[in-house]
Amino acid sequence: MTNGVVKGVHTLVPAVDIVETKNSYIVKLDIPGAAKDKIKAQIEDNSLRVSASIAEYGESGKESEPVKEYRREFALANDVDVNTIDAQYDLGVLTITLNKKVQFLPKEITIN
Amino acid sequence: MSLIKRNPTQEMTRWSNEFPAFRGLESLRRDMNRIFDEFFRGDVLADETFFGRDWTPAVDVMENNDSYVLKAELPGMNKDDVKITLENNVLTIRGEKKNELEKKEGNFQRVERSYGVFERSFTIPGTIKSNDIDAQYKDGILTLTLPKAEEAKPKLIDVKVK
């Protein structure tokens, strides 16, 4: 039974857009159909791991076993401040904002 | 002047009768037709459009006893940007997803998500109650429930054995 292969679960790689702005990186992942509490985002060893399991809802409205799983991992650049990461899930899109550490922000030096 | 509608099949057959070399072509044509017929047969809702769109949302179609259920993945879309129409038993979902990141100042490091115009059409095989179509949009998934009309539902007829 438990041979490590989960029957019927489809592993998918979510499509991602990454934009670098002056102060942050914005990461957007398409994860349609996920319940917010089934989405996990973790930072470990300078990498960001995102996973979400998707269940189907039958006619009775009862939740099934997960049928799909989205997984993706990103290596973080060393200018990312791991303490201020923000994640929002809306309309099937997970948006993660990774702020840059203050010392990496562009600054203007005034001439005295 | 007479206008005669061109019939390629007939022409083909005439050619192959007169020139044996064309027989191979004729049988190839039949094979191609058969392959196409088989490819589209058995598809509960045959997909009608392939062109004129920037991306194609993934769609699941299920058939129950009472209804057809269609689920389309439209992550990041606003409900108001999706239009659903039913015309001559052809259901069409179309819309446009605007790239909200373009407005932000920044450099794209990766762009994998789809943007732009999409359109998908499906021919509904049986009769449905077109006034009772239900459309829900949640978490980036559009779910359409098309209830079958009474005459399209599978019937169980009890045959009395005398």
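Author: Below we go through the sheet, the salt bridges and a few surface details.

Reader: What should I know about numbering and the kind of model first?

Author: This is a predicted model, where local features need pLDDT of at least 70, side-chain atom pairs count only at pLDDT 80 or more, and totals for chains, interfaces and linings use all residues. Residues are numbered from 1 along each chain as its sequence is written, chains are lettered from A and ligands numbered from 1 in the order in which they are written, and side-chain values use heavy atoms, with hydrogens and water left out.

Reader: OK, the sheet. Which strands form it, and in what order?

Author: It is an open sheet of five strands, in the order S7(A)-S8(A)-S3(A)-S2(A)-S6(B), with antiparallel pairing. Strands here are DSSP runs (E, at least two residues), helices are runs of H or I with at least four, and both are numbered from the N terminus. Two strands count as paired if DSSP finds at least two bridges between them.

Reader: Which are the edge strands?

Author: Strand S7 (86-90) of chain A and strand S6 (107-111) of chain B, each of which pairs on one side only.

Reader: How many bridges join S7(A) to S8(A)?

Author: Five, and S8 covers residues 93-99 of chain A. Within this pair, A:Asp86 stands opposite A:Thr97.

Reader: Switching to salt bridges. How many over all chains?

Author: The count is 12. The rule is a side-chain nitrogen of Lys or Arg within 4 Å of a carboxyl oxygen of Asp or Glu.

Reader: What does A:Glu20 pair with?

Author: A:Lys100, and the closest N and O atoms are 2.8 Å apart. A:Glu20 is in strand S2 (residues 16-20) of chain A and A:Lys100 in the segment after S8, so the pair ties together parts that are 80 residues apart in sequence.

Reader: Are those two buried or exposed?

Author: A:Glu20 is buried at 18% relative accessibility, and A:Lys100 is buried at 10%. Buried means under 20% relative accessible area, exposed means over 50%, and partly exposed is in between (1.4 Å probe, protein chains only).

Reader: Which salt bridge does A:Arg72 form?

Author: A:Arg72 pairs with B:Glu112, with the closest N and O atoms 2.7 Å apart. This pair crosses between chains, from strand S6 (residues 63-75) of chain A to the loop between S6 and strand S7 (116-123) of chain B. A:Arg72 is buried at 15%, while B:Glu112 is partly exposed at 34%.

Reader: Where is B:Asn88?

Author: In the loop between strand S4 (82-87) and strand S5 (90-97) of chain B. B:Asn88 has a positive phi of about 50° although it is not a glycine, and B:Asn88 is exposed at 72%.
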